[in-house]
Amino acid sequence: MLIERVRSALQPRPPSRIGVAVSGGSDSAALLHLLHDFACDETAHGRHIALRAVTVDHGLRPESAQEAKAVGEMAEALGVAHDILKWTTWDGTGNMQDCARRARYRLMADWAASHDIHHIALGHTADDQAETVLMRLGRAAGVDGLAAMSPRRRMGGVTLLRPLLTVRRAALRKHLQARGIAWIDDPSNDNPAYERVRARRALRTGEAGLSVEALCTVAQNMAMVREALGWQCFTAARNHVRFDAGDVVIARQGFRALPVEVSRRILHDALRWVSGAEYGPRGPAMGLLLEALRGGTVMTLHGCQIVPNGTEIRIFREFQAVRALDQGFDPSGQALWDGRWQLNAPQGVSADGLRLRALGEAGLAYCRRCRAKAETQARAAGQVPPPAPARPHAALIASPAVWRGDALVSAPLAGCAEGWTAELRRETESYFTGFLE
Ligand SMILES: Nc1ncnc2c1ncn2[C@@H]1O[C@H](COP(=O)(O)OP(=O)(O)OP(=O)(O)O)[C@@H](O)[C@H]1O
């Protein structure tokens, strides 16, 4: 029974508030009704579940506003609150479908946060899953791509749920028809200009043994492989990766002995962690990086520099990627730089008129002169001078520094702190746990 699929997708304990993303198509219309049935059956799950539906009006077709309104009426008939979010920020560049999808998820995540909703249910079906696998096969995807969509996935502060991922679209339509519920047919679902529509057609012919069931099984198999790989990467990273002043440092000997796919993932996620980018580099670029490292060559990729030496591989921010950053401080004398370094002024010192920029060559030369002077003074006073920063020159020039005009005030990561501190605000632990997500 369909309701059983919904129940098992929400196990072990259903959330008390669930957002439902409804485009008005058959799948999400069925999802809304099934979730409503489930929520109403309080005796079965023993708690009150509040549903709230949302429709994103992309404004890309003349009928879209009317369709969003129709979804509102459908939700109202069930006594479910409904909101319409409008996408108004497309600049007409890039792949329209992809931009619309990203915007939809962004809008829905903000909407969920504003309603204290931590779970959003989506109407993806087994047919969607199979189409996704087929499209990705066509693009020569690897394990992650072929694992396709998961029934439950974290997206920032919200968990996306796909309770209908094992249900066929035809079954949902039959269910809606039996209950006399109408849905909206989006004409773009038949437009062969779209890759998904072509994949759907290829699946219909059943040629070469391609079927929704077979491709969904591929996705499940790949999801299991991905999980196993994640565990192996997590263990290997724990054994061979350390952090040094925001750089990722990998022990070369242990790294060399790892299977290529594991070392590729360790590097890939390190680049993502250091750069703070949502995605890591693409496959071919990663191939070039692995080759460069085998030959002991330095490489620049994804706003990072990757530098092997005899014993270690160090990954740090590339100067070019941060050289244009230039910002002021808040009234309390703090500023977040490059999304990860928080600079703090010494107590009682005003940061008014000061700027936060990369240290650069001139700044580093100045730091070295200051250090040399301080060392001479310390030795003359019979003291041992503090050790010089051991990070490479290229890493130091890409570190944050405080400036008054062209005069350097402080460079805490280059041994010239002058009372300022730099705190790393990106958790190093998230690098490791990322392999298990
Ligand atoms: N404009 C939208 N507003 C709200 N949710 C949406 C929207 N478009 C898609 N979704 C959500 O994402 C799921 C998958 O999207 P997809 O584009 O595959 O579906 P669809 O063809 O628009 O409609 P359906 O899946 O309802 O038949 C939908 O089932 C729905 O939960």
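A29, L32, H33 and H36 in α2 meet M74, A75 and L78 in α4, where a contact means heavy atoms within 4.5 Å. Sort the residues of this contact and you get five nonpolar, two polar and no charged. Here Ala, Val, Leu, Ile, Met, Phe, Trp, Tyr, Cys and Pro count as nonpolar, Asp, Glu, Lys and Arg as charged, and the others, Gly among them, as polar.

A quick word on the source: this is a predicted model, in which local features need pLDDT of at least 70, side-chain atom pairs count only at pLDDT 80 or more, and totals for chains, interfaces and linings use all residues. Residues are numbered from 1 along each chain as its sequence is written, and side-chain values use heavy atoms, with hydrogens and water left out.

Back to the pair. Helices (H or I, at least four residues) and strands (E, at least two) are DSSP runs, numbered from the N terminus. The axes of α2 and α4 (residues 64–78) are 11 Å apart, at an angle of about 15°; axes are lines fitted to C-alpha atoms, for helices over the stretch in contact, and angles run from 0 to 180 degrees between N-to-C directions. The two helices are therefore roughly parallel to each other, a label for angles under 35 degrees.

Now for α6, residues 126–138. How far apart are the end C-alpha atoms of α6? They are 19 Å apart, which agrees with the 18 Å that its 13 residues should span at 1.5 Å a residue; the expected span is 1.5 Å times one less than the number of residues. Ten of those 13 residues are buried, so α6 is mostly covered. Buried means under 20% relative accessible area, exposed over 50%, and partly exposed in between (1.4 Å probe, protein chains only). The buried residues, including V133 and L134, pack against α2, α7, α8, α9 and α10.

Most residues other than glycine have a negative phi, and most peptide bonds are trans.

D116 sits in the loop between α5 and β4, while A140 is in the loop between α6 and α7. P12 lies in the loop between α1 and β1.

Technical notes:
Angles under 35 degrees count as roughly parallel, over 145 as roughly antiparallel, 65 to 115 as roughly perpendicular and the rest as oblique.
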